[in-house]
Amino acid sequence: MTGRAARIARPARWEADVVIHSAPLVLPVSAPPVHDGALVVRRGRIVALGPRAGILASWPEREETRWDGVIVAGLVNAHTHLQYTHMAEVGQRTHASFEEWSTAFDEVYFGTPIDWAASALDGARQALRSGTTSAADVVTDLPAAGALRAAGLGGLPYLETLGDNDASWAGSGRERFAAMLDAAEVPMGISPHAPYTLDTGTLRDVTALARSRGARLHIHLAEGEHEREYTVSGTGPLALMVRELGFDFAVLREGGTGLGPTAFLDELGVLGPRCHVAHGVHLDADDRALLRARGTVVALCPRSNRTVGTRGPDVAALLTEGNPIAVGTDSLSSSPSLDLLEDVAALRDLAVRQGYRAADLDRRLVEAATLGGARALGVAGGLAPGGPADFAVFDVSPGARPYRTLIEEGPGRCVATVVAGEMMWDQRTAAAVRC
Ligand SMILES: [Zn+2]
């Protein structure tokens, strides 16, 4: 069948809103790379993807946007707090320990008035400009909840809760938190902050609340080196900090739980495929096995770990043992930028230093930053017919090792970001798009 005949055979509307994007290389990530590839977008979704010659023959005379470089499935930032974008002064310093960073964070958070909505929107736009198409965005203050949508970024905001003991949660905390979820203008996931900032019964009940509302969960886990001592015995520097903040949690009163933080959360029912955790720096083999058994994705944020004075995650073990992983930047209050590929590059360095030698390293890390993040959010990732037209274009030469090239040369080289078929960032005409 000729192109003309094919066109006549289709309803007129089918043709009118079709756009083709092509590049010397297309990296769907969910499928092998396509050299001299093209994809067809219609109404926010991919209609077809394959070699450019075949695509142009099937859709003749359609508008073609021809890119240099590489088209890549949209990056998914699996852990950030966009509202802290205007707290970058904290993230640009280095801190001796997680507890020191936490104190520096509180000084600015509580001491400086910040327009959370504007700060979050600024962060969302920065993320778009580096090829991110979706994010798991932890929201502490409700005015920041609309940032993803306002910027045209996909993903899910998670409303955070912290600081309640079981009495205050039962008294008014639960009702207040549920009212905030109801008041939000967008659907939200739920983020109980961490094992050490909520009381034991509250962690259990926040999880139940998420289940009853069908909301996804996201929690910080094993970020600082003293978290294990906190949950096991209720002692150590983190326990001291929590006590000094005035929290009277059962873990502190009862001398710990005897469980590490991962097992502690599991006993409370927090872990599972609808929950993903951030950081996972201080995990042992039993913790990793438990997370695998529960289908819980770990969002790794290595540059943030460096800023807060802790070591990086054991990415070599996570890869070798087959844990589902994703990548996050965390916020500018603990990271130098919201460029997710910078964290992928940091993970690559870590994995090599930790002795990971398999040839699949580059591909698997790009998978983590795309498919892994999508899994954390409970959606399909990669570029495939029928899926969302979320992709980014990087001005890099494809070369023989495209995943390696993307990791090494991609940071700072995103020239366009398309979300649900719409151009949200276009370096050529930056003023004309929403960024
Ligand atoms: Zn965080």
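Tyr158 is in strand β8, which covers residues 154–161. Helices (H or I, at least four residues) and strands (E, at least two) are DSSP runs, numbered from the N terminus. Before going on, note that this is a predicted model: local features need pLDDT of at least 70, side-chain atom pairs count only at pLDDT 80 or more, and totals for chains, interfaces and linings use all residues. Residues are numbered from 1 along each chain as its sequence is written.

Is Tyr158 buried or exposed? Tyr158 is buried, because 26 other C-beta atoms lie within 10 Å. The cut-offs are these: 20 or more other C-beta atoms within 10 Å of its own makes a residue buried, 12 or fewer exposed, and in between partly exposed, with C-beta atoms placed from the backbone.

Which residues does Tyr158 touch, leaving aside neighbours within four places in sequence? They are Ala136, Asp137, Val138, Val139, Met188, Gly189, Ile190, Ser191 and His218. Contact here means that the C-beta atoms of two residues, placed from the backbone, lie within 7 Å.

Now the whole protein. There are 19 helices and 16 strands. The radius of gyration is 22 Å, close to the 22 Å from the globule rule for 435 residues, so the protein is as compact as a globular protein of that length. That radius is taken over C-alpha atoms, and the rule is 2.2 Å times the number of residues to the power 0.38. Buried residues make up 53% of the 435.

Next, the domains, with bounds from an automatic or database domain assignment. Domain 1 is 3–73 + 384–432, and domain 2 is 81–377. Their contact takes 23 residues from domain 1 and 22 residues from domain 2. On the domain 1 side, the elements giving two or more residues are β5 (70–73), β14 (391–394), α19 (402–409), β15 (414–419) and β16 (422–426). Of these, α19 gives the most, with five residues.

Last, helix α8, residues 166–183. Its 18 residues should span 26 Å at 1.5 Å a residue, and the end C-alpha atoms are 24 Å apart, which agrees. The expected span is 1.5 Å times one less than the number of residues. The buried residues of α8 are Trp169, Gly173 and Phe177. What covers them includes α9 (200–213) and β8, the strand where Tyr158 is found.
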